[in-house]
Amino acid sequence: MKCVDVKKYLSEYIDGKLEGELNEQVKKHLLSCGACSEDLDAILTIKEHLGRMEEIEVPQDFISSIHKRIEEDSGLKKIFNTLFKPARIKIPLELAAGLTAVIVIIILLNLQPLFKSTGQLAYEKKETEILGQKKREERPFITETKSYDDKSEEFEEQKAEVKEPLQMIEEDQLEIAQSIESMKRSQPSAEPVPETQSRPEVSQDMEKKPVELALFVKAVPVDDVMGEMDDMDMATEGVIAKRAKKADRLQPSGKEAQMAGGDIKPNIMDLYLKTKELILESGGSVISSELSAETGLPLSVSAEIPRENYQSFLDKLKNIADISEPLPSVSFTERKFVEMHLRFYTEN
Amino acid sequence: MNKKESNTKSEHCADTDLIAAFLKGDMISFDRLVLKYQKRIINLCYRLLGDYDEANDTAQETFVKVYRSLKNFRFQASFSTWIYRIAVNTCKNKLGSFNYRFHKKMVRLNGGHQSEGGAFITQLNGGSTPPLNELIKKEREATIQRAIDTLSKHQKTVLILRDIEGHSYEEIARITGYTLGTVRSRLARAREELKKKIKRDM
């Protein structure tokens, strides 16, 4: 047996823990190896000294100190139990888990509408509603096929309808203003959205539009149609003003009526492309385009125009399309970009 | 081993009787248990922690834990093993804490073994100058304790339980939760380390 192996077993050898053959081998090695014998002696000495180490005395107040600690512990526990009294009723774990899960679900369900009513989700939700409504209505394209007479009758109905929901719209204003406020926070560059009309002009869905356009109009219109203009609440009021004015103007010319039908589609597309071109020329960019699911024709386009180019952009836009009055103007001076939403309509 | 009380069947019976009486509300039985094990426990704590005040505090803490946990005591197990386990674990927790390690460094700077609790050293001769052999013995013990302090907590636990407290390998395994093989190897390493350090210092 080698010294390195013997060293490993010395400790157990001293304690008599080696058995049989191994014990004999170590014993034999120690008889002939001086170094390992020395190691053995050294370990034996340490073991002896450790066994004879002086014991320390127990302090006189040891037991009383323990009693004191126990009392202090109990006192604290009593206070704790008084303050946080546990329920005496024993509830099975499964029932408790089930109840907790139900409560969490209820809380989440109640909070969900709250989350959705603010921020971007509100914007998207309303946009979905609008698109849904648009699809149901299909006004711009359905009206293409109607005759002039039908249209005037429809116009009269719409005019009456405008007055009716005015009150509802006022109630909507508050809700929409709040949505706008939250969207403003999340979309700091959102700005006025004027309407654009292509030639020929088309009647609008007045009872629906105040809500959808209100989302996009942010700036203050030039003329104070509705009284005091605030940076927040103007949008809807400006739209209403537009509505009213548009109602007066919804008298398509014979020429425009002729242009209804087959000529509408190329004109809309043509206008859309020209508008996009103009946006880019003005140093702006197209944020999004809305296309009809059925026909694939453009419904609207959202863009942002550098503030300094906004007026010239409007001027150029007038050359290619009729823009409803009053013309929206930018009242804010701190924003670098004007966000616009341009909706394409045809009227026949 | 003159220090270790043999864990005979009679001792075990005596312990369980005291525990049973305590659980029925007899506080004196608890005090009897304390009196029986206090010296062993405080010395174990002293050798593990290397400080008198810490040893006193930890030993008291051990008995308070015993008091609180006796209602959960399984009568099949040995009370001796059980209380040693509590003491060892309480000491190991302290050994692992930052505050303790910092405190130990401060004590070393002061020259070691100094405490407000009244060093046991001065009690031996009533205040007069102790004889040379006593001083030599004290110096040797201080050297050994310093060497023990440098061991890892696992190594020193096994060493103290075996060579100071006199427990068997199997009992050490039960107290610490180590396997027998681990007990053997850690003890061998601890003795080897101690031999090297003491040889250097003496």
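Reply: In chain B, helix H2 and helix H4 pass each other in a right-handed crossing. A crossing is right-handed if the near helix is turned clockwise from the far one by less than a right angle, and left-handed if it is turned anticlockwise. The model is predicted, and local features need pLDDT of at least 70, side-chain atom pairs count only at pLDDT 80 or more, and totals for chains, interfaces and linings use all residues. Residues are numbered from 1 along each chain as its sequence is written, chains are lettered from A and ligands numbered from 1 in the order in which they are written, and side-chain values use heavy atoms, with hydrogens and water left out.

Two packed helices are described by the angle between their axes and the distance between the axes. For H2(B) and H4(B), which spans residues 79–96, the angle is about 35 degrees and the axes are 10 Å apart. Axes are lines fitted to C-alpha atoms, for helices over the stretch in contact, and angles run from 0 to 180 degrees between N-to-C directions. Residues from H2(B) in this contact are Leu33(B), Tyr37(B), Arg40(B), Ile41(B), Leu44(B), Cys45(B), Leu48(B) and Leu49(B), and those from H4(B) include Ile83(B), Val88(B), Cys91(B) and Lys94(B). Contact means heavy atoms within 4.5 Å. By class, the contact of H2(B) with H4(B) has 14 nonpolar, 1 polar and 2 charged residues. Here Ala, Val, Leu, Ile, Met, Phe, Trp, Tyr, Cys and Pro count as nonpolar, Asp, Glu, Lys and Arg as charged, and the others, Gly among them, as polar.

Lys94(B), which lies in H4(B), is buried, with a relative accessible area of 17%. Buried means under 20% relative accessible area, exposed over 50%, and partly exposed in between (1.4 Å probe, protein chains only). Lys94(B) and Thr58(B) are 36 residues apart in sequence, yet their C-alpha atoms are 8.6 Å apart in space.

H2(B) also has helix H1(B) as a partner. H1(B) covers residues 9–23 and H2(B) residues 27–49; their axes come within 7 Å and cross at roughly 145 degrees. The crossing of H1(B) with H2(B) is left-handed. H1(B) contributes Glu11(B), Ala14(B), Asp15(B), Leu18(B), Ile19(B), Ala21(B) and Phe22(B), which meet residues of H2(B) including Phe30(B), Leu33(B), Lys36(B) and Tyr37(B). This contact of H1(B) with H2(B) has 9 nonpolar, 1 polar and 4 charged residues.

H7(B) passes H8(B) in a right-handed crossing. Thr157(B), Val158(B), Leu161(B) and Arg162(B) of H7(B) touch Tyr169(B), Ile172(B), Ile175(B) and Thr176(B) of H8(B). The classes in this contact are 5 nonpolar, 2 polar and 1 charged residues.

H8(B) also holds Arg174(B), which counts as partly exposed at 47% relative accessibility. Not counting residues up to four places away in sequence, Arg174(B) touches Thr81(B) and Arg85(B). In H9(B) (residues 180–201) one finds Arg189(B), partly exposed with a relative accessible area of 46%. Its C-alpha atom is separated by 9.9 Å from that of Lys156(B), 33 residues apart along the chain.

Finally, chain B may be viewed as a whole. Its secondary structure comes to 9 helices and 0 strands. Helices (H or I, at least four residues) and strands (E, at least two) are DSSP runs, numbered from the N terminus. Of the 202 residues of chain B, 47% count as buried. Among contacts in chain B with a separation of 6 or more, 69% join residues 24 or more positions apart.
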